[in-house]
Amino acid sequence: MRSKLARLPLLALLLVAGCAPCQAPAVPALEYLGQLQLPPNSTFAGTTVGGLSGISYDPGRDCYYVISDDRSASGPARFYTVRLSVSERGVDEATVTAVHPLLDESGRAFGPLDLDHSPPVVPPDPEGIAFDSGRQRLYWSSEGERLTGAPPGPTPLADPWVRIAGLDGGYLGRFAIPPQLAMSAQRTGPRRNTTLEGLTVTADGRLLFAAMEGPGYADGALPDQAGGALTRITAYRLDADGKPRVPVAQYAYPLEPATAPAETNGLTDLVALSDTAFLVIERAFSTRPTVRLYRAEIAGATDVLRVPALAGHPVTPMTKTLLADLSATPGLDPLDNIEGITLGPRLPDGRQAVVLVSDDNFSPRQVTQFVVFAMAAR
């Protein structure tokens, strides 16, 4: 599948409020370059190309791995390989070159939801994807499931997870999840559809970070228009033998309040700049979502891995600085449900391409778009 659209004009973005013109910014400067939208109802190899919720760049092959959050409803849980022609003009062309189902431990694709089966079949909700260039494999996350409105009987549950996959989608292993992420039929653990949303691996392959979209029940209320909230980012150390490991640390990330008319706000993805710094997407979903990019730092943040409840517990959260408000970026129109971010190739002028993708929720009223920014060399 190939798509070509007219490029949007290059437009500079005002960055940090209060910085004098003569001062160098303390955070990476971002410039919006342009976007490309896939045609509506795009298909590839019998699947609908939609619900794109995470993206990760493979510099060796100059391609992107893009995961769909289809819960095996219109096709098996899957990811796509996409080639993007990225330049100072934005993105000129997008070509989907392959699709791979994500396989379970037995080597089978995940089937659709089936509550009549014994035991019930509950497919994953894929959200995040991260490419490990050193080990030539992928990590991917699922938000799990908590079906409280199911027919009478035990509530069908599926814990969120982080799994390892080959570049063909084959199962290679899984990571242990912290106890705060275990699903429960009670109002404990994570809320439905607000668990493991973002995933990133550091460039040196030493650390993997998995971010929750929003707070669990014990961590407080969801962000709303009256106030923000704390969510969790979990760190895993990736040893030389490549075996899955338990979490080594966890940090509280401060979410902004929701912006009207959105009811809530959440973290949809992140990408590592180093072992301690990240670009983070926050998105408040509405007719025109509010989407902001932050630079976040672990700095002196409290390790909350063994803190069962953030609500009422004194913690030092991660620090963050607003880099870009996509909702107020001139020329970035339309703006849809941005859920994925990755560092793309270096541009000819030395700057780093930052590539984002939107999740159209398989809705005819939304679009799938690839959005490109340029970030000053670090």
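The legends below describe close-up views of a predicted model.

**View 1. The largest pocket and its lining.** The largest pocket holds about 510 Å³ of space. Its lining is made up of 27 residues, and those nearest the centre are Tyr57, Val201, Ala203, Val271 and Leu343. Two or more lining residues come from each of strands S6 (52–58), S10 (126–132), S16 (196–201), S20 (266–272) and S24 (338–346). Sorted by class, the lining of the largest pocket has 15 nonpolar, 9 polar and 3 charged residues.

**View 2. The second largest pocket.** About 430 Å³ of space lies in the second largest pocket. Of the 23 residues that line the second largest pocket, Glu127, Asn193, Arg283, Glu339 and Asn361 lie nearest its centre. The lining divides into 4 nonpolar, 8 polar and 11 charged residues.

**View 3. The largest cavity.** The count of cavities of 30 Å³ or more comes to 1. The largest cavity contains about 40 Å³ of space. Its lining consists of Pro257, Asn265, Glu282, Ala284, Thr290, Val291, Arg292 and Tyr294. Strand S21 (277–284) and strand S22 (290–297) are the elements that give two or more residues to this lining. S22 gives the most, with 4 residues. By class, 4 of the lining residues are nonpolar, 2 are polar and 2 are charged.

**View 4. The salt bridge between Arg78 and Asp70.** In this pair the closest N and O atoms are 2.8 Å apart. Arg78 counts as buried because its relative accessibility is 1%, under the 20% cut-off. Asp70, at 3% relative accessibility, also counts as buried.

**View 5. The salt bridge between Asp92 and Arg89.** The closest N and O atoms of Asp92 and Arg89 lie 3.1 Å apart. Asp92 is buried, at 15% relative accessibility, whereas Arg89 is partly exposed, with a relative accessible area of 39%.

**View 6. The salt bridge between Glu105 and Arg163.** The side chains of Glu105 and Arg163 meet at 3.2 Å, N to O. This pair links distant parts of the chain, 58 residues apart: Glu105 is in the loop between strand S9 (90–101) and S10, and Arg163 is in strand S14 (residues 161–165). Glu105 is partly exposed, with a relative accessible area of 48%. Arg163 counts as buried, at 3% relative accessibility.

**View 7. A network of salt bridges.** Four residues, Arg71, Asp125, Glu145 and Arg192, are linked in this network. A search of the whole structure finds 21 salt bridges.

Key. Residues numbered from 1 in each chain as written. Predicted model: local features only at pLDDT ≥ 70, side-chain atom pairs only at ≥ 80, totals over all residues. Heavy atoms only, no water. 1 Å grid on protein atoms, 1.4 Å probe; cavity = no way out; pocket = protein on both sides within 12 Å on 5 of 7 lines; lining within 4 Å. Points joined across faces, edges and corners; volume = space filled by probe spheres on them. Nonpolar A, V, L, I, M, F, W, Y, C, P; charged D, E, K, R; others polar. Buried < 20%, exposed > 50% of the residue type's maximum accessible area, 1.4 Å probe, protein only.
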